[in-house]
Amino acid sequence: MKRLYVSVGLIILMAALSGLHIWHLDNLTGQLTDLLTQAQDQAAQENWTEAARLTRQAKDRWMEHNSYLHITLRHTDTDAIQISMDEALAFLEGGEKQPAEYAAVNARLLTQLELLVEAELPTLTNLL
């Protein structure tokens, strides 16, 4: 009977840790999405300096959690997001400012962040 209690306790602990992970990831991606959306708005107004600052702030926040993200998520997903952030910064800090190309890169980055959280949710699609 003692093994049963230990097993049930471990299952509850794993479920709680999974829920905490999803909550933390959702908060992080929500913050990044807000920053990148603000950056997109600034780029649309051709305020490139502010757009670059907001995008760099989003990248810095992502990099602050880099170790945690690499431990808990697939490396291909985290690497793709980091590459997209670098690409967005390159468009903003480059000599030629092209709003349409930056908007496409930023939209892809926002979608990647959204899909990152969706992949961690315990949905039927993810379980099958």
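Leu17 lies in helix α1, which comprises residues 2-44, where helices (H or I, at least four residues) are DSSP runs numbered from the N terminus. The structure is a predicted model, in which local features need pLDDT of at least 70 and side-chain atom pairs count only at pLDDT 80 or more, whereas totals for chains, interfaces and linings use all residues. Residues are numbered from 1 along each chain as its sequence is written, and side-chain values use heavy atoms, with hydrogens and water left out.

With a relative accessible area of 46%, Leu17 is partly exposed; on the scale used here, buried means under 20% relative accessible area, exposed means over 50%, and partly exposed lies in between (1.4 Å probe, protein chains only). Leu17 is one of the residues of a nonpolar surface patch of about 730 Å², to which Val6, Leu10, Leu13, Met14, Leu20 and Trp23 also belong. Such patches are made of residues with over 30% relative accessible area and no salt bridge, nonpolar side chains (Val, Leu, Ile, Met, Phe, Trp, Tyr) being joined within 5 Å and like charges within 9 Å; the accessible areas come from the Shrake-Rupley method with a 1.4 Å probe, and for residues only the protein chains shown count as cover.

The buried residues of α1 are His21, Ile22, Leu25, Leu28, Thr29, Leu32, Leu35, Leu36, Ala39, Gln42 and Ala43. Their cover includes α2, α3, α4 and α5, contact being defined as heavy atoms within 4.5 Å. Just after α1, Glu46 takes a positive phi of about 60°, a positive value in a residue other than glycine. Glu46 is placed in the loop between α1 and α2, and with a relative accessible area of 57% Glu46 is exposed.

Buried positions in α4 are Thr78, Ile81, Ser84, Met85, Ala88, Leu89 and Leu92. These residues cover an arc of only 135° around the axis, which puts them on the same side of α4; the arc is that of the directions from the helix axis to the C-beta atoms. An α-helix has 3.6 residues a turn, so residues three or four places apart point the same way. Thr76 and Ile83, on the other side of α4, are exposed. The cover of the buried residues of α4 includes α1, α2 (48-64), α3 (66-72) and α5 (99-120).

The structure holds five salt bridges, a salt bridge being a side-chain nitrogen of Lys or Arg within 4 Å of a carboxyl oxygen of Asp or Glu. One of them joins Arg56 and Glu93, whose closest N and O atoms are 2.9 Å apart. This pair links distant parts of the chain, with Arg56 in helix α2 and Glu93 in helix α4, 37 residues apart. Arg56 counts as partly exposed at 34% relative accessibility, and Glu93 counts as partly exposed at 48%.

The side chains of Asp86 and Lys59 also meet in a salt bridge, at 2.5 Å from N to O. Because Asp86 lies in helix α4 and Lys59 in helix α2, the pair ties together parts that are 27 residues apart in sequence. Asp86 is partly exposed, with a relative accessible area of 34%, whereas Lys59 counts as buried at 16%. When neighbours within four places in sequence are left aside, Lys59 is in contact with Met85, Asp86 and Leu89. A further salt bridge is formed between Asp77 and Arg74, with the closest N and O atoms 3.3 Å apart; Asp77 is partly exposed at 27% relative accessibility, and Arg74 is exposed at 55%.

Leu128 is situated in the segment after α6 (124-127) and, with a relative accessible area of 81%, is exposed. A distance of 44 Å separates the C-alpha atoms of Leu128 and Gly94, which are 34 residues apart along the chain.

Note on methods: Helix = DSSP H or I, 4+ residues; strand = E, 2+ residues; numbered from the N terminus.
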